[in-house]
Amino acid sequence: VKRVAVTGLGIVAPGGNNPEDFFANLVAGHSAIAALPAERCTRLETRVAAVADLDAAQHFPAARLRMLDRVSHLAVVAARQAVGNAQLVFSAEERSACGVFFGTGTGGAASTDEGYLTFYQERSDRLKPYSVLLAMNNAAGAWIGIEHELTGPNLTLSVACSSAAVAVGEAWLRVRSGAAPIMLAGGAEAPLTIGTIKAWEALKTLAAEDTVDPAASCKPFAKNRSGFVLGEGAAVAVLEEWEHARRRGAPIVGELIGYGLCTDSAHITRPSVDGQARAMRLALDSAGVAPQQIGYINAHGTGTVANDPVETAAIRRVFGAAAEKIPVSSTKSMHGHLLGAAGAVELVATLLAVRTGTAPPTMHLDVPDPECDLDYVPNVARRVPSIEWAMTNSFAFGGTNAVLVCKRV
Amino acid sequence: MTHTFDVLRDILVKDYELSAERLTPETTLADIELDSLSLTELIFELEDQFSVIATHNGAGLNTLADVANYIDGLVATRDGAPSGPSP
């Protein structure tokens with residue numbers, strides 16, 4: 001069994017287009033959630049979203065730009081950054097062994113939406129020749145592989161809001177087993193299209209706008225929470241076999257040491273204490289870490305009525321008395337819910353929490369909920385220099401519970 | 001063909017960021033690294049510009065003149081004229 005180093009992180013997300021800025025904004029409690037421009041709200045109830053500040057035209061030549069949906073723009077730029085930060089120059093041998101495991105919930109949503117608009121609304125038969133290539137779920141991962149000429153396995157894992165966590169976890173297993181010296185793993189989501197937002201609205205899980213402060217619309221673990229805010233973005237981690245990383249003098253951000261994965265197979269949406277607790281236990285077991293050793297938990301913390309008390313109960317069940325002492329926060333209060341990218345974006349937050357000894361806060365938590373009674377690091381970040389191990393949770397519609405554990409180096 | 005070629009060249013300059021000097025009727029698709037996928041997109045754009053419907057995806061076309069002549073043929077067919085290069 002090999003140790004797995006994280007040697008590079010890349011992120012393009014609400015609140016930052018590199019890991020340092022992204023994390024600094026989380027620590028400062030800066031919410032990237034904002035009111036959507038009025039022209040993007042036509043026929044929507046939704047008034048807020050978390051937008052990634054990426055002008056893709058600055059990153060791709062025109063002909064390539066048109067071939068990629070926004071989800072792939074975000075993914076490829078994040079991957080480029082991760083490879084750069086890992087100071088990675090692939091050898092021919094590494095290219096053939098290394099692969100990409102990538103998560104996304106809905107792939108090229110904007111392109112799907114645009115195709116429907118053209119065909120059904122405009123009643124035109126002129127769908128773009130690239131429609132299929134733009135929208136297909138594996139496009140983002142494929143473009144990452146093409147850019148870095150990685151010819152090992154390239155898999156897209158689509159398990160809703162656990163997609164990226166599962167992609168990272170499965171890539172971790174691959175490096176850990178010695179099957180690959182390096183894997184790029186992460187996720188991307190670009191759901192801020194009218195059709196996708198409308199579909200989410202129909203599920204009644206999106207937060208109502210906080211009319212006083214739109215940035216405060218997502219209030220995880222608070223009594224007055226009303227749901228999550230959709231966000232777009234991508235994050236990618238370079239997972240590298242420990243000795244491989246050391247031999248080439250790679251910068252090591254942290255160590256990925258555990259992964260738990262299980263499925264509820266009970267209800268398509270309803271979260272379960274059993275399932276969430278089981279995934280956390282599996283992750284701790286695979287890491288060989290005792291519950292009381294975990295120094296920070298980045299919660300799934302969607303801010304929905306359903307999730308937050310269930311996750312609270314699951315953490316209590318796994319951590320017992322130690323649960324009282326562990327800082328638990330939902331950074332979704334600031335960057336929104338990035339769905340299929342969430343697990344990777346929140347892994348960045350978790351790794352930097354460990355690295356810097358700082359627990360980012362759960363923002364907009366002013367009205368406590370008796371059913372959510374852990375230490376959620378409300379509203380102000382906390383220095384916790386003793387964090388050695390941390391956990392990040394991702395739970396999904398479809399019942400997929402995925403948990404990652406990382407360690408300070 | 002001249003007008004068609006000019007439109008084609010303008011598209012290649014604008015959408016593919018190619019310099020106009022590189023583009024002559026004799027320029028091959030391989031010269032400008034236009035693969036079959038890109039050619040499909042290019043023909044789609046030309047269909048819009050000339051209000052024609054392409055009958056195939058451009059297989060067998062080698063030079064920009066071939067592409068322009070193909071479009072001219074579609075225009076001629078659409079207009080009921082015998083197919084062939086325009087004056």
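This is a predicted model: local features need pLDDT of at least 70, side-chain atom pairs count only at pLDDT 80 or more; totals for chains, interfaces and linings use all residues.
**View 1. Packing of helices α11 and α12 in chain A.**
Helix α11 (residues 273-287) of chain A packs on helix α12 (residues 307-319) of chain A, with axes 8 Å apart and an angle of about 45° between them. The two helices, α11(A) and α12(A), are therefore oblique to each other. Their crossing is right-handed. On the α11(A) side the contact is made by A:V273, A:D274, A:Q276, A:A277, A:M280, A:R281 and A:L284. Residues of α12(A) that they meet include A:N307, A:V310, A:E311, A:A313, A:A314 and A:I315, and also A:R317, A:V318 and A:F319. The residues in the contact of α11(A) with α12(A) comprise 10 nonpolar, two polar and four charged.

**View 2. Packing of helices α3 and α7 in chain A.**
Helix α3 (residues 70-85) of chain A and helix α7 (residues 139-148) of chain A cross at roughly 40°, and their axes come within 9 Å. This angle makes α3(A) oblique to α7(A). The crossing of α3(A) past α7(A) is right-handed. From α3(A), the residues in contact are A:V71, A:S72, A:A75, A:V76, A:A79, A:R80 and A:V83. They meet A:A139, A:A140, A:W143, A:I144, A:E147 and A:H148 of α7(A). By class, the contact of α3(A) with α7(A) has nine nonpolar, two polar and two charged residues.

**View 3. Packing of helices α1 and α3 in chain B.**
In chain B, the axes of helix α1 (residues 2-16) and helix α3 (residues 64-78) come within 9 Å and cross at roughly 120°. Helices α1(B) and α3(B) are therefore oblique to each other. Helix α1(B) passes α3(B) in a crossing that is right-handed. B:T4, B:F5, B:L8 and B:L12 of α1(B) are in contact with B:L64, B:V67, B:A68, B:I71 and B:D72 of α3(B). Seven nonpolar residues, one polar and one charged make up the contact of α1(B) with α3(B).

**View 4. The interface of chain B and chain A.**
Contact between the chains involves 11 residues of chain B and 11 residues of chain A. About 960 Å² is buried between chain B and chain A, with carbon and sulfur atoms giving 56% of that area. Of the area that chain B buries against chain A, 54% is supplied by B:L37, B:E41 and B:F44, more than by any other three residues. Three salt bridges are found across the interface of chain B and chain A. B:E41 also has a side chain that meets that of A:R66 in a salt bridge, at 2.7 Å from N to O.

**View 5. The salt bridge between A:D369 and A:R225.**
Over all chains, the count of salt bridges comes to 22. In the salt bridge that A:D369 forms with A:R225, the closest N and O atoms are 2.8 Å apart. A:D369 lies in the loop between β11 (358-359) and β12 (382-383) of chain A, and A:R225 in the loop between α9 (194-203) and β7 (233-241) of chain A, so the pair ties together parts that are 144 residues apart in sequence.

Key
Residues are numbered from 1 along each chain as its sequence is written. Chains are lettered from A and ligands numbered from 1 in the order in which they are written. Side-chain values use heavy atoms; hydrogens and water are left out. Axes are lines fitted to C-alpha atoms, for helices over the stretch in contact, and angles run from 0 to 180 degrees between N-to-C directions. Helices (H or I, at least four residues) and strands (E, at least two) are DSSP runs, numbered from the N terminus. Angles under 35 degrees count as roughly parallel, over 145 as roughly antiparallel, 65 to 115 as roughly perpendicular and the rest as oblique. A crossing is left-handed if the near helix is turned anticlockwise from the far one by less than a right angle, and right-handed if clockwise. Contact means heavy atoms within 4.5 Å. Ala, Val, Leu, Ile, Met, Phe, Trp, Tyr, Cys and Pro count as nonpolar, Asp, Glu, Lys and Arg as charged, and the others, Gly among them, as polar. Buried area is the accessible area (1.4 Å probe) that two parts lose on being put together, summed over both. A salt bridge is a side-chain nitrogen of Lys or Arg within 4 Å of a carboxyl oxygen of Asp or Glu.
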